[in-house]
Amino acid sequence: MGESMPTFDCYALSQCPSFQQSKDEGDFADDATWILTSSFVILTMQTGFGLVEMGSSMAGWEVHILLKNAADVFVGAMSYWLLGYGLSFGTPSSPFMGFGGFDPVAGYDPIESGLRFSQYIFQFSFAATATTIVSGCIAMRLRFFVYIIYCFFAVIFYSFVAHWIWADDGWLNTLGAYDHAGGGPVHLFGGINGLVAIIMVGPRTGMFDGKRTKKSFRAVSPSSQLFGLFMLWWGWIGFNCGSSFGITGLKWVVATRSAISTVNGSAGGGITSIIYSYLRTGRKLIKVDHMVVGILGSLVSTTAACSVINTHESILVGAIGAIVSNLVCSLMKYLHLDDPVGGVGVHVGGGIWGVIAVGIFADASLPGADVRSGLLHGGGMHQLGLQLLETVALTGWSLVTAIPFFYICGIGCSRDWRNPRKGLRMTVEEEMQGADKFLHGLDYFEDYEASEESRTPLSGDHVIDSELGNKDTRGDSAQAESSGNIDLRMSLKRGRRASLLTLPTSASFRISGPDCFEENEASEESRTPLSGDHV
């Protein structure tokens, strides 16, 4: 009891070299863990992109689409390891590109190599995202092996713009242009590439010439589109928050502010999309494609600015982004440019607006904000001018790389320099069959017919009556009739048979499948009204 507890001089301890080293290593470890975790979240967005594209496409392409999204990762990873990382962040470097550091392992001490590893995987996740945007834009017509080649070179082209914006000596960075999480390098770059691909590959056969009905192009699964939207939505939080590149110092403040701005922006975009869709359809419908495009467009709009704007301003940024994205999609259809997923509207429309929004709403007084104030916070036109410069520079780079790439690939496959489109796209027969059948050997319709022929026929019209929750299937048929029926008619597109499943319930409905992407006012007006409330 007589002995006193030892005392420590905190200041002296803080100045101890060993303590400083352990503290720095701890900070580095915390930052690296944050970056790695965000990278994992971002890479799961590939699933979301695949689901949105798969749901927006026609039957017979689902497996092919998911394989393309897998190619984004394994081909892009090889390209980024061989060339991409060194071009973006290698040393020595110039304002235009990096010239070294292509192997992130060689010649560095453990801490520096660990920092490079975390930076590498995070930036690769961005490169894979920029690549996959094109997949949806040219769905159901681009040759698979042309897309494989594109995945490799797109990562290389992306690496230059990543250097301009995020490398210490990148020319746009040194001028003062600001892009927190890739509104320009990822989304605008990928969207312009997608636009070039759409123009050079051409629309799906019969899309605009009247040779096929609009219902032939109806999306196979709006529910898959929405599932994909959810995965992308939550992945976007990792996308924007992870771009703080750590949680030490004021980085955690930047990350949390980015999270709220991202969520608020998507809220503004979602509400605006409902209003837009309702008014656009004559106050009749809330269409799935309007909602998906609007919410994703609002998320893209927050990507460049989320860390340097006030959280209430992000609502307006997202709302405007949703409108711009949907309007661009409408313009694409008017111009007969076939974009099944609305990728150009989301990534070009939302990307341009998001980059410009930095020059309007940026607030340099926010903690951790490393940017000049924008137009609405006393900064004048300076930052806005830099953001416009970024938009023009990245658009120009995308055009001068994407156009020669698709042209060279086209004439390389077609052997005809006057007709590169022939080499880029599938044949009409392949397009009609679907890639799942002609490329991957999957024919769901033939399998279905074979299984139907081997089944023991049931009486009548192959009607299966099932009483849910009632073990006595010999109940009074009159009682079952009064309880009503749900008729689920499942008709296969290429099949010659249909099966009818009859289930009793307390009301009577007829479900004929969703028609979320076709204007059906004419058919509604021509229908004979049923009794009651059109039940």
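Here is a short chat about a predicted model of one protein chain.

Q: Hi! How many helices and strands are in the chain?
A: Hello! The chain has 20 helices and four strands.

Q: And what share of the residues is buried?
A: Of the 535 residues in the chain, 49% are buried.

Q: Okay, helix 14 next. What does it span?
A: Helix 14 covers residues 382-414, which is 33 residues. From first C-alpha to last it reaches 48 Å, close to the 48 Å expected at 1.5 Å a residue.

Q: Which residue just after helix 14 has a positive phi?
A: That's Arg 415, with a phi of about 60 degrees.

Q: Now Asp 363, where is that one found?
A: Asp 363 lies in the loop between helix 13 (343-361) and helix 14.

Q: Is Asp 363 buried or exposed?
A: Asp 363 is buried, yet it has no salt bridge.

Q: Which side chain of opposite charge is nearest to Asp 363, then?
A: Arg 257 is the nearest, 8.4 Å away.

Q: What polar contact does the Asp 363 side chain make with Asn 310?
A: The two side chains are joined by a polar contact of 3.4 Å.

Q: What else does Asp 363 touch?
A: Leaving out residues up to four places away in sequence, Asp 363 touches Val 308, Ala 369, Ser 373 and His 377 as well as Asn 310.

Technical notes:
Residues are numbered from 1 along each chain as its sequence is written. This is a predicted model: local features need pLDDT of at least 70, side-chain atom pairs count only at pLDDT 80 or more; totals for chains, interfaces and linings use all residues. Side-chain values use heavy atoms; hydrogens and water are left out. Helices (H or I, at least four residues) and strands (E, at least two) are DSSP runs, numbered from the N terminus. The expected span of a helix is 1.5 Å times one less than its number of residues. Buried means under 20% relative accessible area, exposed over 50%, partly exposed in between (1.4 Å probe, protein chains only). Lys and Arg count as positive and Asp and Glu as negative; His and the chain ends are not counted. A salt bridge is a side-chain nitrogen of Lys or Arg within 4 Å of a carboxyl oxygen of Asp or Glu. A polar contact is a pair of N or O atoms within 3.5 Å; within protein, one must be able to donate a hydrogen and the other to accept it, and residues adjacent in sequence count only if both atoms are side-chain atoms. Contact means heavy atoms within 4.5 Å.
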